[in-house]
Amino acid sequence: QVQLVESGGGLVQPGGSLRLSCAASGTIFSAWIMGWYRQRPGNQRELVATIHPDGETTYAESVKGRCTISRDNTKKTVSLQITNLNPEDTAVYYCNAENSILGNAYNYFGQGTQVTVSS
């Protein structure tokens, strides 16, 4: 079982920046693909960014150039830095851990942290 706890959400003015953090426990963190998803009001949950064990990153087109995902395998944390925030970034942001072990797929989400972009 993997436990994920997000922090760092809040109210931000348009054009501002935010750093979200996720602390993981219960697993060999370095082996997992870590990611961030978000669910905007009235929409389905969508992928924002991922970071693989080797450090390779992927980003959704909507955040590319404004977003940086990073991980610290020693501290078992994954972070998401978002700049130039706009109201469309308002969402609940979820930390995600994904892995395939012995042919079984594992996928975990945290409880989420609310990000509201508004003046």
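The torsion about the S-S bond of Cys22 and Cys95 is about -80°, so the disulfide (a pair of cysteine sulfur atoms within 2.5 Å) is left-handed. The two sulfur atoms lie 2.1 Å apart, and the bond links distant parts of the chain, with Cys22 in strand E3 and Cys95 in strand E9, 73 residues apart; strands are DSSP runs labelled E, of at least two residues, numbered from the N terminus. The structure is a predicted model, in which local features need pLDDT of at least 70 and side-chain atom pairs count only at pLDDT 80 or more, while totals for chains, interfaces and linings use all residues. Residues are numbered from 1 along each chain as its sequence is written, and side-chain values use heavy atoms, with hydrogens and water left out.

Both Cys22 and Cys95 are buried, where buried denotes under 20% relative accessible area, exposed over 50%, and partly exposed the range in between, computed with a 1.4 Å probe and protein chains only. Cys67 is likewise buried, at 6% relative accessible area, but its sulfur is 13 Å from the closest cysteine sulfur, that of Cys95, and therefore too far away for a bond.

Strand E3 also belongs to an open sheet of 4 strands in the order E1-E3-E8-E7, with antiparallel pairing, two strands being paired if DSSP finds at least two bridges between them. Strands E1 (3-7) and E7 (67-72) stand at the edges with a single partner strand each, so one side of each is left without a neighbour in the sheet. E1 is joined to E3 (residues 18-25) by 5 bridges, and Glu6 stands opposite Cys22 in E3.
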